[in-house]
Amino acid sequence: MRSRNNNKIDIAKLYQEYSDALRRFVAKKLSPGDADDVMHDTFMRVLCLADGYELRNPRPFLFQIASNLILDHFRARRAHVYENCEASDAAQQAADDITPEQTVYARQRLEVLQHAIAELPPRCREVFLRHKFENESHATIAAKLGISVNMVEKHIIRALAHCRERLAALD
């Protein structure tokens, strides 16, 4: 799978030939958003191969990369669950040490954040909430809302800046 003119792997041809089968394989194991991420990362890894790398059997190579990425995904998720358990224990200890003044201050900050989010333009607010509270990836949000990933990033940056500004006014 090389183009003749520059001796590099022809990623477009690989994608055209193998993406449907690879997508079905990955989609059986992951949610749609995670499957999209694995597909993207699989082809990015092939694209990043050093010049001069000869890809003789592209199908098994692509499927092995995807399998490794799926495994990495499940390992990361398992590690995240473990970290959450540790964080829960630490949170309980910290909760025991919280003063009434700290509780009042935290509630004020939460109220300021709620108002700041409510002040955002509707599309910006929707993007921000999907990303921060529903853990949707930028690509998933972009696809669902019919906007570019770049626009998703701009909305998130705008929302974060607005929230920081409102919190700074409290402090």
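Reader: What pattern does the protein chain follow along the sequence?

Author: The protein chain reads α-α-α-α-α-α-α, and its secondary structure comes to 7 helices and 0 strands. Helices here are DSSP runs of H or I with at least four residues, strands are runs of E with at least two, and both are numbered from the N terminus. The model is predicted, so local features need pLDDT of at least 70 and side-chain atom pairs count only at pLDDT 80 or more, while totals for chains, interfaces and linings use all residues. Residues are numbered from 1 along each chain as its sequence is written, and side-chain values use heavy atoms, with hydrogens and water left out.

Reader: Why is Thr140 called buried?

Author: Buried means under 20% relative accessible area, exposed means over 50%, and partly exposed lies in between (1.4 Å probe, protein chains only). Thr140 has 16% relative accessibility, so Thr140 counts as buried. Thr140 is found in helix H6, residues 138–145. Of the 171 residues of the protein chain, 25% count as buried.

Reader: What makes the link between Thr140 and Ser137 a polar contact?

Author: A polar contact is a pair of N or O atoms within 3.5 Å; within protein, one must be able to donate a hydrogen and the other to accept it, and residues adjacent in sequence count only if both atoms are side-chain atoms. The side chains of Thr140 and Ser137 are joined by such a contact, at 2.8 Å.

Reader: How many aromatic pairs are found in the whole structure?

Author: The search finds 3 aromatic pairs. One of them joins Tyr15 and Phe43, with 5.0 Å centre to centre and 65 degrees between the planes, and is edge-to-face. Tyr15 lies in helix H1 (residues 11–27) and Phe43 in helix H2 (residues 32–47), 28 residues apart, and the pair links distant parts of the chain. Tyr15 is partly exposed at 39% relative accessibility, whereas Phe43 is buried at 7%.

Reader: What makes the pair of Phe128 and Phe133 edge-to-face?

Author: Rings of Phe, Tyr and Trp (its six-membered ring) pair if their centres lie within 6.5 Å; planes under 30 degrees apart count as stacked, over 60 as edge-to-face and the rest as tilted. Phe128 and Phe133 are 6.4 Å apart centre to centre with 80 degrees between the planes, so the pair is edge-to-face. Phe128 is buried at 6% relative accessibility, and Phe133 is exposed at 59%.

Reader: Why does Asn135 count as exposed?

Author: Asn135 has a relative accessible area of 66%, so Asn135 is exposed. Asn135 is placed in the loop between helix H5 (122–133) and H6. Phi of Asn135 is near 55 degrees, a positive value in a residue other than glycine.

Reader: Which elements give two or more residues to the largest nonpolar core?

Author: The largest nonpolar core has 19 residues, and those with the most contacts inside it include Leu14, Leu22 and Val26. H1, H2 and helix H3 (58–96) each give two or more residues to this core. H3 has the largest share, 6 residues. A nonpolar core is a set of buried Ala, Val, Leu, Ile, Met, Phe, Trp, Tyr and Cys residues joined through side-chain atoms within 4.5 Å.
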